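Q: Could you take a close look at one part of this model for me, a pair of packed helices and the contacts that go with it?

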Amino acid sequence: MNIPIRPRRLRKGAATRELVQETWVRREDLIQPLFVIDGEGVEQTVGSMPGVSRYSIDNLVKKVDALVSQGIGSFALFPNTEASLKDATGSEALNADNLVCRAIRAVRAEFPEVNLFADVALDPYTTHGHDGLLNEAGNTVLNDETVEVLVDMALNLAHAGADWIAPSDMMDGRVAMIREALESAGLTETCILAYSAKYASAFYGPFRDAVGSAKAAGTPSLDKATYQMNPANRREAILEAQLDLEEGADAIMVKPAGPYLDIIRDLREAFNAPLAAYQVSGEYAQIHAAAQNGWLDLEKCALESLLAIKRAGADMILTYFADWFSKR
Ligand code: PBG
């Protein structure tokens with residue numbers, strides 16, 4: 001047969017395949033989420049997320065040390081707040097000495113060069129587990145009132161030393177208000193990574209276990225779908241990202257990642273801004289669970305899942321696999 005174009009020619013050996021490979025995952029692309037808990041000498045495994053733990057600050061610093069020597073330079077810190085510190089308005093979020101602020105300062109003191117991302121949303125601090133303030137009837141998350149608190153929360157985190165403020169709350173207008181407050185406070189170098197297209201996803205389950213905010217996921221009278229995006233929507237993601245960029249975000253995000261590769265591609269094509277994707281807890285857990293059953297190859301599936309997110313167009317990936325990836 002005379003077949004002039006044979007794509008298989010470029011697949012014949014590993015060296016050739018690598019030469020023509022279009023997408024790569026690098027350690028430098030990855031942001032490791034880390035969970036912090038009060039205490040000393042604590043390392044608590046998270047049952048639904050094999051290989052992931054909640055660390056007390058002393059152990060967190062050791063974990064960051066290990067990850068830095070593995071080549072990971074970016075971290076997103078999430079506090080598991082003690083129940084006694086939670087209230088209806090999430091007031092602990094504004095405490096300059098709260099767990100996550102202490103964690104940021106401790107890591108910053110040892111590792112001045114690392115990139116620290118801090119989430120802005122009230123869910124780790126509210127008794128009801130929602131990302132914002134509720135109205136009196138408890139059947140709606142108030143937008144503008146919440147934004148006012150989030151602005152103070154963002155300033156608190158930036159003053160503690162966060163390089164990136166990452167609003168994950170999905171309130172309208174919050175990026176503009178946070179940007180304005182950062183500028184007014186002279187915090188002109190603090191970046192904003194907006195969770196722009198954050199979907200009301202069922203894939204966050206294990207995370208809510210890790211930070212102890214599970215309650216909101218099941219509040220029958222008030223669903224996170226009243227602020228997080230409908231998984232059925234594509235065009236709306238463009239609107240959300242456009243607003244966040246106009247309001248002063250430095251980078252935008254799609255979350256979850258794997259089930260939303262089309263959205264990653266849409267935002268990649270619509271905007272020039274750096275694009276992040278969050279491979280969330282449930283995406284991590286499902287690969288591990290299948291591997292534990294002997295149904296999937298953990299390493300190959302983990303790598304393929306990350307590669308697919310890069311291929312879709314993400315510049316950076318928040319992933320619980322960063323630790324594993326950088327040890328390979
Ligand atoms: C909090 C927040 C969530 C995640 C990141 N920030 C959970 C939620 O919205 O309930 C999920 C991350 C994950 O599942 O890995 N606003």
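A: Helix H2 (residues 57–69) and helix H3 (residues 99–110) have axes that come within 10 Å and cross at roughly 40°. Axes here are lines fitted to C-alpha atoms, for helices over the stretch in contact, with angles from 0 to 180 degrees between N-to-C directions. So H2 and H3 are oblique to each other (under 35 degrees is roughly parallel, over 145 roughly antiparallel, 65 to 115 roughly perpendicular, and the rest oblique). Their crossing is right-handed, meaning the near helix is turned clockwise from the far one by less than a right angle. Helices (H or I, at least four residues) and strands (E, at least two) are DSSP runs, numbered from the N terminus.

Keep in mind that this is a predicted model, where local features need pLDDT of at least 70, side-chain atom pairs count only at pLDDT 80 or more, and totals for chains, interfaces and linings use all residues. Residues are numbered from 1 along each chain as its sequence is written, and side-chain values use heavy atoms, leaving out hydrogens and water.

Arg108 counts as buried at 19% relative accessibility, while Asp163 is partly exposed at 23% (buried is under 20% relative accessible area, exposed over 50%, partly exposed in between, with a 1.4 Å probe and protein chains only).
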